[in-house]
Amino acid sequence: MKKALISGITGQDGSFLAEFLLAKGYEVHGVVRRASTFNTERLDSIYADPHEKSAKLFLHYGDVADGGGFRRILEKARPDEIYNLAAQSHVRVSFDQAEYTADVVATGTLRILEAVRDYVGAGNTVRLYQAGSSEMFGAAPPPQNEATPFYPRSPYGVSKVAAHWYCVNYREAYSLFICNGILFNHESPRRGETFVTRKITRALARIKLGLQEKLYIGNLDARRDWGYAGDYVEAMWLMLQQPAADDYVVATGESHSVREFLELAAAHCGIDWTRHVETDRRYFRPTEVDFLLGDASKARRQLGWEPRVSFDDLVRMMVEHDLELASQERTLAEAGHTVHRGASQA
Ligand code: NAP
Ligand code: F7E
């Protein structure tokens, strides 16, 4: 039985990847940050008590800011594959927390590389996937592929570029099997509620059911290549199954503006968004990434990977999920219960 270790397992991608690997028969280990409230909600459907004999998912407290702890997890789990998905992944927040973002995203990756270098140096074998991002391309004109020079536009993007080059350097210096996946935006009903797609579908669904009046949003003109997260975790896995380590762009090859996403989501909800949406400067970024459009021909050719879920289906899936959530919320509210909604600033 193969074993995988996932940092960032509680995030959107981590939860899809854990499901995908469990379905392939892997034993899955995940690094979970200690928090004052439970942060494992996305794992609820696959979590089993580790005392049960059939358990295949094991969680370990850790943080990529803590290299020693990660080394101990590595020694304990002894995985065949590591997926480094841990990140302060919000671009807007990275302008407010630049040093922290660099510590987690760039130096955090370096800590994992150092641990892997020593682990392999001691005679073990392991393959590493690094979660790179289209934010590394930033202002580089579209379409972007593996040959496009990086031009990051945020502390997050700069930190991902640093992590990317650390991985390339460790691959070349120590002959480690490391793949950089350069993934364009990918979404799902599990997307964090402060990313624009989910922020839109969640708000429009609540507006439709009379639970809120307005959606305040930022730049509607930015264009993104949006795919479905469930499709993208398969590409991560495929990279680590190849005979040689390499870097790959993963994207749909279709780009849409935030306004187009909003229009389509509103159409699925059956509401006139112009009556409910207002812009607020607080959601604009000091430097924006205007136009992302990925060219994933290398991944299609070499990995045999292709996206299955279309843009229209993705928007519909997210809207339907959030309409159901809003309906549950309304039922609870009508029964006199208070529903916790979070306190987002992003
Ligand atoms: P996400 O939902 O924000 O999840 C991030 C994960 O990282 C969470 O499990 C989070 O834990 C964990 N984490 C944050 N700081 C950590 C730390 N210091 N130590 C250990 N774990 C930490 O992000 P995602 O959308 O799943 O993305 C996964 C990875 O792909 C990230 O590296 C992201 O930057 C990258 N990426 C994402 C996209 C995209 O469109 N989704 C595209 C390209 C690249 P908590 O649950 O405790 O917060
Ligand atoms: O913004 C605009 C915003 O925060 C998309 C992360 O997963 O993908 C993600 O980063 C666009 C930007 O994602 C709001 O200005 C308008 O142009 O959903 P987002 P992102 O910044 O593209 C990449 C690939 C990653 O690697 C990251 O980890 O939408 N926008 N109004 C807004 N964005 C937000 N969040 N909130 C707004 O109100």
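**Entry 1: ligand 2**

I began with the neighbours of ligand 2. There are 23 residues around ligand 2, and Ser89, Ser133, Tyr156, Arg285 and Glu288 come nearest. I kept in mind that this is a predicted model.

Next I looked up polar contacts. A polar side-chain atom of Ser133 sits 2.6 Å from an oxygen atom of ligand 2. Arg191 also uses its side chain: an N or O atom there is 3.0 Å from an oxygen atom of ligand 2. Gly218 uses its backbone instead, with a polar atom 2.8 Å from a nitrogen atom of the ligand.

How much of ligand 2 does the protein bury? Taken alone, ligand 2 exposes 700 Å², and the protein buries 96% of that.

I sorted the shell by class. I found nine nonpolar, eight polar and six charged residues around ligand 2.

**Entry 2: two domains**

I checked how the chain is divided. The domain assignment gives domain 1 as 3-188 + 227-250, and domain 2 as 196-222 + 255-291 + 310-334. Which domains supply the shell around ligand 2? Domain 1 and domain 2 each give at least three residues to that shell.

Then I looked at how the domains meet. Their centres, taken over C-alpha atoms, are 28 Å apart. I noted 14 residues of domain 1 in contact with 13 residues of domain 2. The two domains bury about 1200 Å² between them, and 61% of it is on carbon and sulfur atoms. On the domain 1 side, Arg92, Arg153 and Glu187 lose the most area to domain 2. Together these three make up 41% of what that side buries.

**Entry 3: ligand 1**

I moved on to ligand 1. It has 25 residues around it, with Thr10, Arg33, Asp63, Ser89 and Tyr156 coming nearest. I had already written down Ser89 and Tyr156 for ligand 2.

Asn39 brings a polar side-chain atom to 3.1 Å. A polar backbone atom of Gly8 is 3.3 Å away. For His186, a backbone N or O atom lies at 2.9 Å. Taken alone, ligand 1 exposes 900 Å², of which the protein buries 89%.

Which element gives the most residues to the shell around ligand 1? Strand β5 does, with three residues. I marked α1 (12-23), α4 (98-121), β5 (127-133) and α5 (155-174), which each supply at least two. By class, the shell of ligand 1 has ten nonpolar, ten polar and five charged residues.

Technical notes:
Residues numbered from 1 in each chain as written. Chains lettered and ligands numbered in written order. Predicted model: local features only at pLDDT ≥ 70, side-chain atom pairs only at ≥ 80, totals over all residues. Heavy atoms only, no water. Near = heavy atom within 4 Å. Polar contact = N/O pair within 3.5 Å; in protein donor to acceptor, adjacent residues only side chain to side chain. Areas by Shrake-Rupley, 256 points an atom, 1.4 Å probe, with all protein chains shown as cover. Helix = DSSP H or I, 4+ residues; strand = E, 2+ residues; numbered from the N terminus. Nonpolar A, V, L, I, M, F, W, Y, C, P; charged D, E, K, R; others polar. Domains from an automatic or database assignment. Contact = heavy atoms within 4.5 Å. Buried area = accessible area lost by both parts, 1.4 Å probe.
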